[in-house]
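Please open the model in your viewer and keep the selection panel at hand.

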Amino acid sequence: MSDVIRKSVGLGVAPNLADYAAYKRQFTWARARQELDGLPGSQGLNIAYEAVDRHAHTVRAIHAAIRWLARDGSKREFTFGELSLLSNRFANALSSLGINAGDRVFALTGRIPALYLAALGTWKHRAVFCTLFSAFGPEPIRQRMNLGEASVLVTTPALYKRKIIPVRADLPTLKHVILVSENEGAPPPNTLSWDALMEASSDAYTIAPTRPDDIALLHFTSGTTGIPKGAVHVHEAVVAHHITGKLALDLHPDDIYWCTADPGWVTGTSYGIIAPLTNGVTSIVDEAEFDAERWYNILQNHRVSVWYTAPTAIRMMMKAGLDLVRQHRTPDLRFLASVGEPLNPEAVRWGVDAFGLPFHDNWWQTETGGIMLANFAAMDIRPGSMGKPMPGIEAALVAQDKAGRINVIENPDEQGELALKAGWPSMFRAYLNQSDRYKTCFADGWYLTGDLAKRDCDGYYWFIGRKDDVIKTSGHLIGPFEVESVLMEHPAVAEAGVIGKPDPVAFELIKAFVSLKSGYAANEELRRALLAHARHRLGAAIAPKQLEFAQSLPKTRSGKIMRRLLKARELGLPEGDLSTLETST
Ligand code: AMP
């Protein structure tokens, strides 16, 4: 194939995965596990121990683990030794609050140091950690905290006021709210002060025996229908986080690594917290939102060597132009990677123009817990392709017959559903309280990802689209049902249908179609009021950007809104099979 970018290996640093085929042949997950320590005395496997404590017992104790860049330009650095002690304090704080192993600790904070300490302390205490995206509105927060039966919430005074107070009475399981505040003042009623708790807690903590299949993490993700799904991950996932960080992101101990994802989404946890720490590198954590110039300054001034970001951000940088990049020098950059949405070939190549290095696309999802397909450092890149399976991962394209049996597609370039042989360490172990939904993700020993793809004759995988109606906007997976439900709460709305509409920067933007109850007029004022209602309840990340009125929405005979048809009509595409369409529409 001619459209290939030859392997890009940073000067002087040999890639961890030098020979893909040979490494894949000899790889076993048991061997990958050997790269970690395990709790002393064969007491099991705990994510926080592998992430910080094992380094804190070595010379790496004084190595910078997290360099936090505050929005205001100040910075704070935490060594592995400090992270170990501070997370011990949080584990003790949980203990003093009567929190037990298995209890749920939620965080809604944005990217501040307390988030990272809370995650590590929670894992040490063998409680379950769940981060929520701080741009969520009160409704998605309420729903997820109730589904996850949150016992503890770590948040900030501002987020507490705007997003928790309006729903606190509807959070029956929530026992403690811990506020991370920069002000010295007394915390508001029914809250605790993070500083006071940490101050009062000892920095000595012994992690109790942790089984590899003890639950560590809960990540909410969206489906086409119904409530969000809580994907359950276990401590053993750390084996996959570690080895994928080493092989797919090519992390070396002296790297300065920057993952731009927010821990409110799975990438920000697996690769913004766990993988860099287990690999012993220095991680940049930037509190601020995207700003092209700020980002180039970070790359330059903090001498970032490995950078993991997302297509929407890359496209925004492309829009900001090459001149701005060229005002900065980034000689330390060695490896660029991207995840979350399809990465256009132009974006891969733009990396070469802007930084002298291509972006390496990789693919995974909340359920897989870690990177499954990647363009590895020592492999030629096919721009537009997601790469090849991780060692230890058996991937295939499949079709399911009517009886539910799986047929593996062997022919190159034939479309199928991307499937992974079940059983890797970071595979989700359940959808919280939805065992039937979990079971339907598996057939004949394969996990069915819901993504359609094809594979070329050299084994590279190419993304085609989703099998269902979920929407990817700015890297975030959004379930249309959640948006429709909130629109339906408005007294004027009779029906709502929500689709993802292609967008040159955000990949998709959320568009709502709404039919009104009688007595309401479809005018600009109401359109704005509905958009504002959705934004207020859902938050900016989930709310629709566009809204159009319709007399009625196309439905199946069983009454389901046909989003596929709404989308086809919106995009002027063929309407496809209409045999189930209710004829009055
Ligand atoms: P999430 O569970 O929110 O991480 O979203 C996972 C979904 O994002 C996948 O199932 C894909 O549809 C999409 N996705 C992730 N990475 C890629 C990629 N490299 N190329 C295309 N789509 C991707």
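A polar contact is a pair of N or O atoms within 3.5 Å; within protein, one atom must be able to donate a hydrogen and the other to accept it, and residues adjacent in sequence count only if both atoms are side-chain atoms. The model is predicted, so local features need pLDDT of at least 70 and side-chain atom pairs count only at pLDDT 80 or more, while totals for chains, interfaces and linings use all residues. Residues are numbered from 1 along each chain as its sequence is written, and side-chain values use heavy atoms, with hydrogens and water left out.

**The ligand**

Select the ligand and then Gln365. An N or O atom in the side chain of Gln365 lies 2.8 Å from an oxygen atom of the ligand. Of the ligand's 490 Å² of accessible area on its own, the protein covers 96% (Shrake-Rupley method, 1.4 Å probe; for residues, only the protein chains shown count as cover). At Glu341, a backbone N or O atom is 3.4 Å from a ligand nitrogen atom.

The ligand is surrounded by 17 residues, the closest being Asp361, Asn362, Gln365, Thr366 and Asp451. Colouring by residue class shows eight nonpolar, four polar and five charged residues in this shell. Here Ala, Val, Leu, Ile, Met, Phe, Trp, Tyr, Cys and Pro count as nonpolar, Asp, Glu, Lys and Arg as charged, and the others, Gly among them, as polar.

Which strands each supply at least two residues of the shell? They are E14 (359–363) and E23 (461–466); E14 gives the largest share, three residues. Helices (H or I, at least four residues) and strands (E, at least two) are DSSP runs numbered from the N terminus.

**Arg144**

Move to helix H6 (residues 138–147) and select Arg144. Arg144 counts as buried because its relative accessibility is 3%; buried means under 20% relative accessible area, exposed over 50%, and partly exposed in between (1.4 Å probe, protein chains only). The side chain of Arg144 makes a polar contact of 2.7 Å with the side chain of Glu482. Leaving aside residues up to four places away in sequence, Arg144 also touches others, including Phe106, Leu132 and Phe220 (heavy atoms within 4.5 Å).

**The cysteines**

Finally, select Cys130 and Cys457. Cys130 is buried at 1% relative accessibility, whereas Cys457 is exposed at 62%. Across the whole structure, zero disulfides are found (cysteine sulfur atoms within 2.5 Å).

Conventions:
Near = heavy atom within 4 Å.
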